[in-house]
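User: Please walk me through this structure, one piece at a time.

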Amino acid sequence: MIHHFHSNDPLPLPLKIVFWETTSLCNLECAHCRRIDTAKNLSKEDLSTEQAKKLILSISSFSNPILILSGGEPLLRDDIFSIAHFSVENNIKVALATNGTLISDGIVKEILKSKISRVSISLDGADAKTHNIFRKIDGSFERAVEGIKLITDAGIISQINCTIARHNFHQIEELFNLAESLRVYALHIFLLVPVGCGVDIADEQMLSPDEYEGVLKQFLELSLDREIQTRVTCAPQIQRIIHQKLKGENISSEKRSKLSKLISKGCLAGQNVCFVSHKGDVFPCGYLPISAGNIHKQSFRDIWESSEVFKELRNSRLLKGRCGLCEFKNDCMGCRARAYFATRQIMDEDPLCLYSANPDSHNTFSK
C-alpha cells in the first residue's frame, strides 16, 4: 500500500510505544481508573488471540515499538503470555503493566518464558493506607509489594508507576525511598488526568497549578540526586522546567549531564505513542478519548500515518491560548488530554500550567 502525505502535513514521528488495553476486566476498582465500565467478566469486545496477533503483525510491518500490555488487568487474560511471546518473535519488545496483586512464582516463570522485558506495577502511595484507599481493596498494597519483590528477585526489570494526586502528592520523597528499598529499576509518576473515573474525583483530587508545578520541581530535584531511573508522564511541563533549569548558572557538570539525558518530547500523545483500546479503537493516548480509527475497519499503519486527529496533534502551530504563545511549546506541547477535559478542544491551552510568556509570571526555576 502506498501512503501519501501532503507537503504541509507533519510527518509521523517514529512510533516508540503502543499501549494496548488487553482487556476491560480487572480485579480492583481504582478511584482514578481511566475506565468507567471496568468489567468483572471478560468482554466479548476484547480482541481475540488471533485479532491481537493481527494487530502485532500490522505494527511490526513498519515499526518496532515497545508494546505495553495493560488493562484492566492483563494477567486476567489466559493467552497473555502467548501473545507476548508472539510479539517478541516479531521483533517487538514487550512490557507488562499490572496492578501486581496476581503475581506469583508461576506468573514470574511465565514472564521469563515469554521474554517480557519489563514489568511495571502500580502503587498509588508510599504506604498501605494511602494506596489501599485509592485502590478500594484492603491488602492490595501488600500484595503489589510482594509482586514487586518476586519480579525483582527473578532479575526482571521492574518499575513502579504512581498516579500523583492530592491524596499522595506530599509523599514524593517517600516514594523514592520505597522504590529504592524494593530495588526497582525505575520510578515513573503520572499526574492525574480527569478522564473515566478520574472525572468523578477531579474536584477532590486534582492539584492546583502551584501544587502541580511544585511536584514536578521536587521530583526533578530528587531524580538528579538519586540513581534510580525516573520519568514523568501526563505532565509535559517537566520538559520546560528542565530547560529552565539548564539555563541556570549554579549547576554542577554532573547534574547538567543528568538533566540533558532527561530531555525528550513533552506530550507524546499521537507523536511517538498511541493507545489501542480493548475494542480496537486507536487513541492518541489512554487519557484522550478521541478515536483516530479502529483496527477492525482499517490498518493500524493507515491510522498511525493518516489520521486527521494525529496530524492535528503533531502540528504545534495549531496550539491555542498560552500554549500557542509559549516559547517552550515544541518541547512541552501541554497535556492535550487535560486541555480536552477543560474545553473539549484538543489544541487548547493546558489549564494546569502556570507558566506564561508574560515576563511578570512564574518564569524562573526555584526550589
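User: To start, which residue of β2 is the bridge partner of Ile-17?

Analyst: The bridge partner of Ile-17 in β2 is Ile-66. Please note that this is a predicted model: local features need pLDDT of at least 70, side-chain atom pairs count only at pLDDT 80 or more, and totals for chains, interfaces and linings use all residues. Residues are numbered from 1 along each chain as its sequence is written, and side-chain values use heavy atoms, with hydrogens and water left out.

User: How many bridges are there between β1 and β2?

Analyst: Strand β1 (residues 17-21) pairs with strand β2 (residues 66-70) over five bridges, in the parallel sense. Strands are DSSP runs of E with at least two residues, helices are runs of H or I with at least four, and both are numbered from the N terminus. Two strands pair if DSSP finds at least two bridges between them.

User: And which way does β8 run relative to β1, parallel or antiparallel?

Analyst: Strand β8 (residues 273-276) runs parallel to β1, and four bridges join the two. Within this pairing, Val-18 stands opposite Cys-274, and Trp-20 stands opposite Val-276.

User: What is the order of the strands in the open sheet?

Analyst: The open sheet has ten strands, in the order β7-β6-β5-β4-β3-β2-β1-β8-β9-β10, with mixed pairing. Its edge strands are β7 (229-233) and β10 (293-294), each of which pairs on one side only. In general, the strands of a sheet pair through backbone hydrogen bonds, either parallel or antiparallel.

User: Let us look at β5. How many of its residues are buried?

Analyst: Strand β5 (residues 157-164) has eight residues and seven of them are buried, so the strand is largely enclosed by the rest of the structure. Buried means under 20% relative accessible area, exposed means over 50%, and partly exposed lies in between (1.4 Å probe, protein chains only).

User: What does β4 do beside β5?

Analyst: Strand β4 (residues 118-122) pairs with β5 in the parallel sense over five bridges. Val-119 stands opposite Ser-158 of β5 in this arrangement. β5 also pairs with strand β6 (residues 186-191), again in the parallel sense, over six bridges. There, Cys-162 has Ile-189 of β6 as its bridge partner.

User: Through which helix does the chain cross from β5 to β6?

Analyst: The chain passes through helix α6 (residues 172-181), and this β-α-β crossover is right-handed. Right-handed means that, with the strands pointing away from the viewer, the path from the first strand over the helix to the second runs clockwise.

User: Arg-183 next: is it buried or exposed?

Analyst: Arg-183 is exposed, with a relative accessible area of 53%. Arg-183 sits in the loop between α6 and β6, and has a positive phi of about 60° although it is not a glycine. As background, most residues other than glycine have a negative phi, and most peptide bonds are trans.

User: What about Met-333, buried or exposed?

Analyst: Met-333 is buried, at 3% relative accessible area. Its place is the loop between α15 and α16 (336-343), and its phi is positive too, at about 75°.

User: Which peptide bond is cis, with omega near 20°?

Analyst: The bond from Gly-71 to Gly-72 is cis. Gly-72 belongs to the loop between β2 and α2 (80-89).

User: Changing topic, which side chain does Glu-221 contact?

Analyst: The side chains of Glu-221 and Lys-245 are joined by a polar contact of 2.8 Å. Such a contact is a pair of N or O atoms within 3.5 Å, one able to donate a hydrogen and the other to accept it; residues adjacent in sequence count only through side-chain atoms. Glu-221 is found in helix α9 (residues 209-225), and counts as buried because its relative accessibility is 10%.

User: Finally, how many cavities of 30 Å³ or more are there?

Analyst: The search of the whole structure finds two. A cavity is a set of points on a 1 Å grid over the protein atoms alone where a 1.4 Å probe fits but cannot get out, and lining residues have an atom within 4 Å of a point.

User: What lines the largest cavity?

Analyst: Its lining has 14 residues, with Arg-322, Cys-323, Cys-326, Cys-332 and Cys-353 nearest the centre. The elements giving two or more residues to this lining are α10 (237-246), α14 (321-325) and α15 (329-332). Seven of the lining residues are nonpolar, two polar and five charged. Here Ala, Val, Leu, Ile, Met, Phe, Trp, Tyr, Cys and Pro count as nonpolar, Asp, Glu, Lys and Arg as charged, and the others, Gly among them, as polar.

Methods: 1 Å grid on protein atoms, 1.4 Å probe; cavity = no way out; pocket = protein on both sides within 12 Å on 5 of 7 lines; lining within 4 Å. Points joined across faces, edges and corners; volume = space filled by probe spheres on them.
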